[in-house]
Amino acid sequence: MRKKIQLPAIFLAGILAAALPFQALAAATDSPDFARSEEEWARLRDNKLEYDEIPDLIHEYNVTVLNNRTSYRDHLGETPSDITQRYRDAAKELRNNIQYPDDPTDMSYATMLMAAQMNETQAQSLEKQADTNVDDAQSIFLQYQQVEENLVFSTKLNLISYHQMLLSGQLNREHKELLEALYRSAQIQAQVGNATEMEVLTARQAIEQLEGTIISSDREAQTLKQKICLATGWSYDADPEFGSLPEVDFSRIDAIVLESDQALALENSYALKISRRQYDNSTDSATRENLEKTIRDSRQKIASDVTTKYQALLTARASYELALAEKEIEEQNLLTTQRKLQAGTASQLEYQQEAYAVSEKTTAAQTAMLNLLSAWETYQATVNGLASVS
């Protein structure tokens, strides 16, 4: 059973952060029981994180998503003028509470002065936002949707990276076994005069350096696991089982029509939808002109981004196919070394070295497949609304 947690509120950066505060929620869904079947709820609430559950887990349990959803309910039906008034009310309240200190000899004078100046700056910022506000309930809703989709996307990539770290960690441990064998060989060679003490020391240092790499990599993997847990509703120190990752369907890559996906990306783009809504809400001519330019530039950048991500997808596929070919070559080399070992023309250490070379190429192929999955998810996210406009 997942362990739910209490966390402080996380605000959508730049979206009514100071003017529209909302309460933190526990990582527990606010959806009614009838929103899903009993089987669906049971699957989300067990202690296993499946890749295809990520969107639903984030929708139901992510603290940022829950807080944004609570905030949005407070703005249902609001017009730009309603939100503008919120900014002005918040600025007024800040100004009413500003207290400048009048005694420079007071030990707290500097602290109080800094606090007053910060509040004054914040009030000015809120007033400026009120003057230029083009948001309404719909534009805020789109921004919250964009945040949720970005969280889903980043969590998928984090889970892929976590699996890559596991592969790297396993290879490092195999490498350590090989280095230990080389170290023992160097010691034996030194005893009979065929190796120097410096060679023995170098072999030992290689083990120690790799041990440091293993410790650092394990720490990075644990940190990444904590991020995944927090994003999907577990506590940071939970230990859910992570399910396997999906395989990339090559036929879907082959079926891509770039021009069609560019058009779809333009249609789905959250950035464009938000800018268009803000343009419809704007009354100031300069603001409308800036938004019109933003929309025009965004369309060009979205089409370019889809092309870039498509090319990256094809590159990742080619890299995977090359890694597979290199793995097959190394496997043949291992068979050759095995025959030499059986014939007495190769040593056990040489065979162990070749076996590790196969492990290296196998891990490289598996990592390349995960890179391909990451490129596929990135391309899909780009087409489905998250194309870059920067």
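Helix axes are taken here as lines fitted to C-alpha atoms over the stretch in contact, and the angles between them run from 0 to 180 degrees between N-to-C directions. In this predicted model, α6 and helix α12 (residues 348-386) pack on these terms at an angle of about 175°, with their axes 10 Å apart. Because angles over 145 degrees count as roughly antiparallel, α6 is roughly antiparallel to α12. The contact of α6 with α12 comprises, by class, 14 nonpolar, 15 polar and six charged residues.

Helix α6 itself consists of 55 residues and reaches 80 Å from its first C-alpha to its last, which is close to the 81 Å expected at 1.5 Å a residue. At the start of α6, a side-chain oxygen of D136 comes to within 3.2 Å of the backbone nitrogen of Q138, while just after α6 the residue G193 adopts a positive phi of about 85°.

A further packing partner of α6 is helix α3 (residues 63-73), whose axis lies 10 Å from that of α6 at an angle of about 170°, so that α3 is roughly antiparallel to α6. In this contact, T64, V65, N68, S71 and Y72 of α3 meet A137, F141, Y144, V147, E148 and L151 of α6. The residues involved in the contact of α3 with α6 divide into seven nonpolar, three polar and one charged.

The crossing of α6 and α10 is left-handed. On the α6 side, the contact is made by Q138, S139, L142, Q143, Q145, Q146 and E149, and on the α10 side by Y270, A271, K273, I274, R277 and Q278. Sorted by class, the residues of the contact of α6 with α10 comprise four nonpolar, six polar and three charged.

The side chains of K327 and E331 are joined by a polar contact of 2.8 Å. When neighbours within four places in sequence are left aside, K327 is in contact with K361, T362 and A365.

Notes:
Residues numbered from 1 in each chain as written. Predicted model: local features only at pLDDT ≥ 70, side-chain atom pairs only at ≥ 80, totals over all residues. Heavy atoms only, no water. Left-handed = near helix turned anticlockwise from the far one by under 90°. Helix = DSSP H or I, 4+ residues; strand = E, 2+ residues; numbered from the N terminus. Contact = heavy atoms within 4.5 Å. Nonpolar A, V, L, I, M, F, W, Y, C, P; charged D, E, K, R; others polar. Parallel < 35°, antiparallel > 145°, perpendicular 65-115°, else oblique. Expected span 1.5 Å × (residues − 1). Polar contact = N/O pair within 3.5 Å; in protein donor to acceptor, adjacent residues only side chain to side chain.
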